[in-house]
Each structure stands twice: as structure tokens, then as C-alpha cells.
Amino acid sequence: HHAVWCVVAAGGGDNMMGAIGTANVREGVVTLSLGTSSTVYSFSEQPTSDASGSVAPFRSSSGGWLPLVCTMNATNVVTAAVELAGKTVADIDAALEETPPGADGLVFLPFLNGERTPDLPSARGTLTGVSAINFKPHHLIRAAVEGVSFGVLSGLDLILGGRKPSVLQ
């Protein structure tokens, strides 16, 4: 019998362990996790401060810090838009291919569950710019994808504070 070794790390939360799993243990690496909510975080040797309170100052399990932004509305919003449009997740690519960036002016602010970043727990979503041109299923899907994507990108800007990432995991 050959011994099989498995490295086990205790004492870290999901994002802290996710950082180790995605090699986010040095400056310049960014981890993006998309689920019902989304998180984006990047390793830092020093603690960071954020006067707005939007960036959580998590301690890394690898010895540094993980400035982290979490948004409450991510894949749940896209899935809800896809289902409302009578489509399936398999139809997302076609919806994006058939509609232009900006969804012909249809904008979806995706705060279906309030929001954590920015801190607006009672916020609700908004669909604006509806016209005869964009009041279509594929436009709704694109607007949902774009709304969620811009929320995640805003979080990325917050954690990087003007720095440029070298790797996005």
C-alpha cells in the first residue's frame, strides 16, 4: 500500500479557502465567485481601509488580507430573467449574440434581494428604458446579465483601489 496524503487546512471560511484553492495568496491575483450572490476578492499583504464600508477586511488563511466585496444579486437574477422570458440557461449565449451591448437601452438594476454592496438592504430592482425595440425576451436576458456584471465589476474596482490585477480566477 502506498500512502495517500491530503493537505487539510482548518480555520478558514469559504472565501478564505477559495483564495488558497485559486492561488490567491499573492498580490495581483483576483478571485471571482459567482453564485446566488457573488464575491470578488484579492490578496493584500497589508490591511486595506475603505471609508465607504463596502469592502470587507477579511483576514486571509494564508497570512495576509483579502479585501472582499459581496453582492447579493448574481446568478439568481439571471436565472429569474431567463425563466421569466420562457427560456432556459442554455439560451443565454443566443440571447447575448442576438442583442447588442446595452440591450438597445434596456437597463436592469438587479437588486431583487436588496443589496449588500452598495449597502441597500431594502432596495428593489428596476427595469428602465423599455421601448418597442427592446421589450423582448433576449433583451431582458442581456439586461440582466449586464446589470449583474456591472455590479461585480464595481466590486472589483472597489477591492483593487486603482491597482491592476495580474490574474483573474
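Which residues have the most contacts inside the largest nonpolar core? Val78, Ile92, Phe108 and Ile141 do, in a core of 17 residues. By nonpolar core I mean buried Ala, Val, Leu, Ile, Met, Phe, Trp, Tyr and Cys residues joined through side-chain atoms within 4.5 Å. Buried is under 20% relative accessible area, exposed is over 50%, and partly exposed is in between (1.4 Å probe, protein chains only).

A word on the source. This is a predicted model, where local features need pLDDT of at least 70, side-chain atom pairs count only at pLDDT 80 or more, and totals for chains, interfaces and linings use all residues. Numbering starts from 1 along each chain as its sequence is written, and side-chain values use heavy atoms, without hydrogens or water.

α2 (75-84), α3 (92-98) and α4 each supply at least two residues. The largest share, six residues, comes from α4. Helices here are DSSP runs of H or I, at least four residues; strands are E, at least two; both are numbered from the N terminus. Take Ile141. Beyond four places in sequence, Ile141 touches Ala81, Val82, Ala85, Lys87, Ile92 and Ala95, with contact meaning heavy atoms within 4.5 Å.

Now the charges. The whole structure has two salt bridges, each a side-chain nitrogen of Lys or Arg within 4 Å of a carboxyl oxygen of Asp or Glu. Arg142 meets Glu146 at 2.9 Å, N to O. Both lie in helix α4, four residues apart.

Next, Arg163 and Glu27, at 3.9 Å. This pair links distant parts of the chain, 136 residues apart. Arg163 is partly exposed at 31%; Glu27 is partly exposed at 37%.
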